[in-house]
Amino acid sequence: MLIVMDQKATQAEIDSVVAAVESKGFVARPIPGGDRVSIGVLHNKGVVEPSLFLGYPGVKDVVPVTRPYKLVSREVQPEDTIVRVGDVGIGSGHFTIIAGPCAIESEKQALTIAAAVKRSGAHLFRGGAYKPRTSPYSFQGLGEEGLKILARVREETGLPVVTEVMDETTFDLVVEYADVIQIGTRNMQNFSLLRRAGQINRPVFLKRGMSATIDEWLMAAEYILEGGNRQVILCERGVRTFVHHSRNTLDLSAVPVVRKESHLPIVIDPSHAAGRRDQVIPLSRAAAAVGAQGLMVEVHHQPEESLSDGAQSLYPQQFEQLCRQVEAIFGVHSGIDPKR
Ligand code: PEP
Ligand code: MN
């Protein structure tokens, strides 16, 4: 349930409604909106009687939330969330490009790729220090050394950095170095990791599980918001199907569904969807056209020597083409200059 406060409601009135909700044994979560505050009522077992709160000073309306996910739903927050990372905005009116190698392999590799993607217009740099690999014999990432290299990249280029956290053991360490914490497809329903991500004051990049429904994905995001962290970016990265022509199947239809259901920004990762570089630029164009609010793209200057995901990594000159093409499409759709 959502308690909508009057535009002119005072802080004292908001506090007294919060106290009233909590005195009934529920959890109250104030949600600042464009012009008014709403208060989400959570952890109620059945229907809550609206008259319990309608009479309080400053309360304008009490409305039921019909969706299973509450804080991520548009019913609770009609305006788009814009996640801020330094000067970069992710969400409404922005088309944000995150690019870099699959894994951080060395300082030279990371700095070379970061300089190239920055030149083409990337807003954030990505690179894994802890890699979830199918085989235990594959390169597992440089660990803390990789995180230190990411910090060097930020220092040198000014680009904020996105990197994956794989488990709770390394959680605090990753948070120390990263501007945005990525939770990968394999961890989308790692509920203790999601709860931990709910407690930090740092944006979380939540990839869709490779066989997760949109409802399950939004419920995973709900864990993070329920914990108190509202800075979540959703990323569609392809789902597992029967096809062999690509690594996964990019579910472009997720974009309009998520944009209708949720206020959270949605970004497309065409690289892990395709698994091969020849599909990455066309899928990126489609992502911009369908209304995604950004891209996460793997780029490598020597993909044939890459320690992971070389086959899907774009050459820097291809990434340059990608940026110019999606920029044009985003501009046509939104009427907004993506270079802002
Ligand atoms: C990645 O971004 O490098 C990655 C492992 O992605 P996913 O979790 O989507 O497979
Ligand atoms: Mn990868």
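## Close-up views of the predicted model

**View 1. R208 is buried, and so is D251.** Buried here means under 20% relative accessible area, exposed means over 50%, and partly exposed lies in between (1.4 Å probe, protein chains only). R208 and D251 form a salt bridge, with 2.8 Å between their closest N and O atoms. This pair joins distant parts of the chain: R208 sits in the loop between strand 11 (204-207) and helix 7, while D251 sits in the loop between strand 12 (232-236) and helix 8, 43 residues apart. A salt bridge is counted when a side-chain nitrogen of Lys or Arg lies within 4 Å of a carboxyl oxygen of Asp or Glu. Helices (H or I, at least four residues) and strands (E, at least two) are DSSP runs, numbered from the N terminus.

A note before you look further: this is a predicted model, in which local features need pLDDT of at least 70 and side-chain atom pairs count only at pLDDT 80 or more, while totals for chains, interfaces and linings use all residues. Residues are numbered from 1 along each chain as its sequence is written, chains are lettered from A and ligands numbered from 1 in the order in which they are written, and side-chain values use heavy atoms, leaving out hydrogens and water.

**View 2. E261 and R67 form a salt bridge.** Their closest N and O atoms are 2.6 Å apart. E261 belongs to helix 8 (residues 254-261) and R67 to the loop between strand 4 (59-63) and strand 5 (82-85), so to speak two distant parts of the chain, 194 residues apart. E261 is buried at 12% relative accessible area, whereas R67 is partly exposed at 31%.

**View 3. Here E226 meets R195 in a salt bridge.** The closest N and O atoms of E226 and R195 are 3.6 Å apart. Because E226 lies in helix 7 (residues 214-226) and R195 in helix 6 (residues 191-198), the pair ties together parts that are 31 residues apart in sequence. R195 is partly exposed, with 43% relative accessibility. Elsewhere, E107, R152, E155 and E156 are linked in a network of salt bridges. The structure holds 19 salt bridges.

**View 4. F95 and F330 form a tilted aromatic pair.** F95 is in the loop between strand 6 (88-91) and strand 7 (96-100), and F330 is in helix 11 (residues 316-334), 235 residues apart. Both F95 and F330 are buried. Rings of Phe, Tyr and Trp (its six-membered ring) pair if their centres lie within 6.5 Å; planes under 30 degrees apart count as stacked, over 60 as edge-to-face, and the rest as tilted. The whole structure has two aromatic pairs.

**View 5. C323 is a buried cysteine, at 2% relative accessible area.** The closest cysteine sulfur to that of C323 is in C235, 16 Å away and too far for a bond. The count is zero disulfides, a disulfide being a pair of cysteine sulfur atoms within 2.5 Å.

**View 6. Domain 1 (2-63) and domain 2 (83-334) make up the domain assignment of the protein chain.** The bounds come from an automatic or database domain assignment. The C-alpha centres of domain 1 and domain 2 lie 36 Å apart. Four residues from domain 1 and five from domain 2 take part in the contact, which means heavy atoms within 4.5 Å. There are zero salt bridges between domain 1 and domain 2.
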